[in-house]
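Please look over the sequence and the structure before reading on.

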Amino acid sequence: MAKPRDVVRIPDAKVALSTASVYPESTATAFEIAARLGYDGVEVMVWTDPVSQDIEALRRLSDYHRIPILAVHAPCLLITQRVWSTDPWVKLQRARAAAEKLGASTVVVHPPFRWQRQYARDFVEGIWRMANETDVRFAVENMYPWRYRDREMLAYAPDWDVTKDDYRHFTIDLSHAATSRTDALAMFDRMGGRLGHVHLADGRGSAKDEHLVPGRGTQPCAELLERLALTGFDGHVVIEVNTRRAMSGAEREADLAEALAFTRLHLASALRVPRR
């Protein structure tokens with residue numbers, strides 16, 4: 001009987017750099033670093049940097065560095081409450097328009113804050129409605145409870161665990177899974193075929209959202225990437241890490257190069273198949 005042999009299977013997933021990964025450097029710097037290190041593209045975090053809000057400026061950066069914009073992260077953070085309007089639905093409409101004009105396939109969106117009552121009440125139905133109007137994926141991201149000492153605040157509605165609601169596409173964020181103290185692989189399984197987007201970062205289960213370089217925490221980053229390879233995942237894997245403590249630009253680039261190497265290594269999953 002012929003012995004089985006190892007075959008390396010690499011999915012069609014592209015590996016992108018979130019522009020948030022270079023903070024406090026600029027959106028423009030993220031494009032430069034992504035191109036230099038060999039990322040497949042970028043995810044633009046729309047926030048207070050004016051360039052991140054300017055479609056023509058983003059198009060010029062993409063063209064100049066010859067690196068595509070694969071996803072747009074809508075301005076859902078506390079610090080971006082006034083970016084692109086104070087109306088959350090207008091923010092999503094503008095994110096969709098930006099994605100369509102820039103050729104990005106995905107808009108990443110957080111569930112509403114609990115105090116956004118009307119938005120939260122209509123969110124699931126509204127996301128479906130918007131998804132039906134475009135080819136762009138609206139991939140809703142898992143979040144986490146806010147914790148301070150022994151107190152826990154449920155800041156997101158309908159729920160921080162987005163698998164409890166019916167969305168067409170999900171984003172899984174492993175740093176958020178660590179902060180929520182959730183089994184990331186179980187969440188991956190619950191998302192199933194609706195997983196459309198991955199934010200890859202590590203964490204140790206701290207109450208603070210850490211976004212560590214993959215491999216530096218306790219999350220199953222390698223295992224999840226290997227599962228993506230085995231299932232033929234064709235979405236995007238986005239490196240979204242915190243490099244604010246980097247002492248220099250060279251140290252920041254070294255962290256982002258390490259994250260890219262880790263991701264490519266574990267996306268190349270070996271299968272055991274019979275020899276012919």
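Does Asp189 count as buried, partly exposed or exposed? Asp189 counts as partly exposed, because its relative accessibility is 48%; buried means under 20% relative accessible area, exposed means over 50%, and partly exposed lies in between (1.4 Å probe, protein chains only).

The model is predicted: local features need pLDDT of at least 70, side-chain atom pairs count only at pLDDT 80 or more, and totals for chains, interfaces and linings use all residues. Residues are numbered from 1 along each chain as its sequence is written, and side-chain values use heavy atoms, with hydrogens and water left out.

**Salt bridges in general**

- Side chains of opposite charge can pair when their charged atoms come close.
- A salt bridge is counted here when a side-chain nitrogen of Lys or Arg is within 4 Å of a carboxyl oxygen of Asp or Glu.
- The count by this rule is 14 salt bridges.

**Helices α6 and α7**

- Asp189 and Arg227 form a salt bridge through their side chains, at 3.0 Å from N to O.
- Because Asp189 lies in helix α6 (residues 184-191) and Arg227 in helix α7 (residues 221-231), the pair ties together parts that are 38 residues apart in sequence.
- Helices (H or I, at least four residues) and strands (E, at least two) are DSSP runs, numbered from the N terminus.
- Arg227 is partly exposed, with a relative accessible area of 29%.

- Arg252 is joined to Glu25 by a salt bridge between side chains, at 4.0 Å from N to O.
- This pair links distant parts of the chain, 227 residues apart: Arg252 is in helix α8 (residues 249-267), and Glu25 is in the loop between β2 (14-18) and α1 (27-37).
- Arg252 is buried, at 5% relative accessible area, whereas Glu25 is partly exposed, at 39%.
- In another salt bridge, the closest N and O atoms of Glu253 and Arg36 are 2.3 Å apart.
- Glu253 lies in helix α8 and Arg36 in helix α1, so the pair ties together parts 217 residues apart in sequence.
- Arg36 has 45% relative accessibility and therefore counts as partly exposed.
- A network of salt bridges links Glu32, Arg36 and Glu253.

**Nonpolar surface patch**

- Leu78, Ile79, Trp115 and Met153 make a nonpolar surface patch of about 420 Å².
- Patches are made of residues with over 30% relative accessible area and no salt bridge; like charges are joined within 9 Å, and nonpolar side chains (Val, Leu, Ile, Met, Phe, Trp, Tyr) within 5 Å.
- Accessible areas come from the Shrake-Rupley method with a 1.4 Å probe, and for residues only the protein chains shown count as cover.
- Met153 is in strand β8 (residues 151-153) and counts as partly exposed, at 39% relative accessibility.
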